[in-house]
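I open this notebook to record, in order, what I looked up in the structure.

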Amino acid sequence: MALIIFIFKRLAALVGLLLVLSVLVFFFSRAIPGDVAALYVGGNAKPEQIEQARQELGLDKPLATQYMRYMGKLFQGDMGLSLRTHRPVLKDLSEKIPMSLELVVLALAIAILLGVPIGGIAAIKQDTWLDELIKWFTAAAVSIPIFFLALLLQLVFFDQLGWFPLQGRLDSMLEFTHPIELITGFSVLDSLIARNYTALFNVIWHMVLPVAAMALGPLGFIARLTRSSLLEVMRQDYILAARASGVSEGVLYFRYGLRNALSPILTVIGLMVALLMLNTFFVEMIFNWPGIGYYALISITSLDFPALMGVTFTIGAIYVLANTATDILRRMVDPRIK
Amino acid sequence: MENQDFKILARKALADHRLARGYKLRLFLKKKLAVFATFVLFLIVLSAIFAPWVAPYPDQGKGEINLEERLQPFSKTHLLGTDIYGRDLLSRVIYGGRVSVFGGIFIVVMAALIGVPLGLWAGYQEGVSGTIIMRTVELVLSFPSALVAMGVSIVIGAGSMTALVALIIPWWPWYTRLVQGEVLSIKHMLYIEAAQMLGYGRIYILFRHLLPNILAPVVVMMLLDVGPAIIAIGVLSFLGLGTQPPHADWGLMVWNGSQNLLGEWWIAIVPGFAMFLLVTVFNIFGDTLKDILDPNQS
């Protein structure tokens with residue numbers, strides 16, 4: 001029962017946060033330097049045309065009215081037309097988001113699946129050469145700037161070794177011979193559904209470097225967290241009691257230790273998603289990956305304000321959602337949290 | 001007589017304290033990696049402070065163009081090569097280090113200067129003002145800080161100073177939240193209540209009695225935040241939202257160099273590596289101090 005009340009409270013807070021987010025995004029878009037109406041009609045428009053565009057966009061109305069209008073449209077799923085692509089922003093976003101989520105989810109999965117065992121090994125082998133080695137590796141992993149890492153990977157694995165492609169999602173030849181049909185928007189899923197295995201392997205081949213660049217930082221972070229959390233748990237009295245009663249070390253670490261050590265790791269997953277969403281900006285720019293980060297950057301440089309509003313709102317919403325989900329998940333997994 | 005006993009006790013306590021401090025220093029010196037990291041950190045900070053004297057070509061470090069020597073690899077005259085405008089990369093990296101080193105420290109110090117007093121107040125003075133502070137903190141922390149910083153930079157216009165301001169805005173609430181929690185856990189202790197009964201003012205109690213007792217976790221957090229702050233500055237300037245040319249900045253240099261990655265790789269890799277190195281040594285330094293300062297650990 002308490003859990004249900006908790007979930008309802010979190011969901012109510014979520015609605016509030018999304019509203020605040022919409023207000024922030026709205027005022028942000030109005031505070032961007034530059035005349036939006038002039039941008040809307042394009043380069044050499046006459047003053048009357050700009051004036052007309054201003055009226056069309058409702059920019060001559062008071063800000064509160066403009067906000068209500070924007071919200072009304074947002075509820076109908078209308079984020080306006082992109083000034084650059086001249087397509088509905090929502091349509092652009094619905095194509096770009098899966099592309100980025102694909103990288104984010106894969107990177108997160110790798111970070112957790114490798115980070116937890118690496119951190120666990122470091123804790124079990126505390127103060128040995130292995131622990132020291134892992135300490136070095138994870139310290140470097142959390143310290144490396146993502147854009148530097150991405151460029152380094154390109155230099156080593158494309159330029160020097162030639163193992164992986166430089167950038168893009170698919171070889172340009174395959175774009176014609178084996179194009180990926182747009183079904184879910186997730187390249188891997190779409191090529192699987194269409195049994196387009198040539199494209200599938202090519203896409204995965206193209207994803208290796210960007211996903212590696214995105215996964216390394218969170219991997220190091222999760223490994224460090226697992227190590228300290230597991231060491232903390234192993235100091236507890238119930239571990240001592242279990243050990244005294246003859247429970248084997250393996251069971252001790254995995255069933256008693258790791259399970260209790262996982263709660264802090266769950267807590268940071270929301271944070272990791274946020275970090276990864278931000279990292280798509282750099283990784284997509286450097287690897288020319290057609291996702292939301294790349295789209296956001298072009299929107300910034302071209303002052304494409306409807307697109308920018310859509311992107312900011314979407315990324316903010318993903319962040320808020322991820323945090324709420326994390327809170328609820330934590331509460332379900334760990335009943336000690338009040 | 002009693003007075004005498006007290007003095008002896010006090011002297012002994014002081015001696016123990018000094019011993020403990022010496023012990024902590026020795027503990028630090030025993031960690032070879034930390035000592036090495038501190039040494040490298042020291043070198044980078046010194047070269048940033050004394051850039052005009054350390055850099056082989058100070059004018060190029062500031063932005064002077066030297067087209068005759070563009071895109072040169074490592075050589076005796078240009079130890080780390082030259083960039084697309086023929087500027088000596090070593091000089092550029094040394095000058096660019098100023099933004100990273102001082103900017104990173106500045107962000108963390110400012111965030112603490114804003115966040116700590118607010119946290120002290122919110123923790124000590126529950127009530128309306130405290131609630132407003134904590135709600136604001138939660139609100140700011142509910143949104144992705146990088147996005148907030150990018151938004152602020154776009155609105156107030158790119159530049160090194162605006163990038164720092166844009167990063168302080170989402171950064172201070174972490175300190176408020178930390179301090180508020182710490183204050184809540186010690187405010188009902190006897191010595192605080194004694195101070196209240198003696199009639200000391202609120203502000204006096206906050207800074208004289210509460211602050212010193214919560215300082216250790218704040219210092220630890222500040223030490224661990226400098227590395228991320230340096231990366232954040234680099235991130236903004238890589239996107240063109242930070243330092244503007246011709247000034248040198250590592251993030252901006254990596255971005256410019258990335259355009260020539262497959263031919264003249266050093267233009268991007270040298271400043272990127274400098275950033276990696278600085279953040280790593282700062283993190284190792286902070287981590288080690290954290291282990292030593294934090295009584296909850298080890």
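Predicted model: local features only at pLDDT ≥ 70, side-chain atom pairs only at ≥ 80, totals over all residues.

In which hand, left or right, does H5(A) pass H12(A)? The crossing of H5(A) with H12(A) is right-handed, and I find that the two axes come within 9 Å and cross at roughly 145 degrees.

I then listed the residues that meet there: H5(A) contributes, among others, A:Leu103, A:Ala107 and A:Ala111, and H12(A) contributes, among others, A:Ile265, A:Met272 and A:Leu276. Sorted by class, this contact holds 15 nonpolar, three polar and one charged residues.

Next I looked up A:Ala111, which lies in helix H5 of chain A. Is A:Ala111 buried or exposed? I record it as buried, because 25 other C-beta atoms lie within 10 Å of its own, where 20 or more are needed for that label. Leaving aside residues up to four places away in sequence, A:Ala111 touches A:Ala215, A:Pro218, A:Leu219, A:Ile222 and A:Met272. For A:Leu182, 71 residues away in sequence, I noted a C-alpha to C-alpha distance of 28 Å from A:Ala111.

Last, I turned to the two chains, where 29 residues of chain A are in contact with 28 residues of chain B. On the side of chain A that touches chain B, the elements giving two or more residues are helices H1, H6, H7, H12 and H14 of chain A, and H7(A) gives the most, with seven residues. By class, I find 24 nonpolar, four polar and one charged residues on that side of chain A.

Technical notes: Residues numbered from 1 in each chain as written. Chains lettered and ligands numbered in written order. Contact = placed C-beta atoms within 7 Å. Helix = DSSP H or I, 4+ residues; strand = E, 2+ residues; numbered from the N terminus. Nonpolar A, V, L, I, M, F, W, Y, C, P; charged D, E, K, R; others polar. Axes fitted to C-alpha atoms, helices over the stretch in contact; angles between N-to-C directions. Left-handed = near helix turned anticlockwise from the far one by under 90°. Buried ≥ 20, exposed ≤ 12 C-beta atoms within 10 Å, placed from the backbone.
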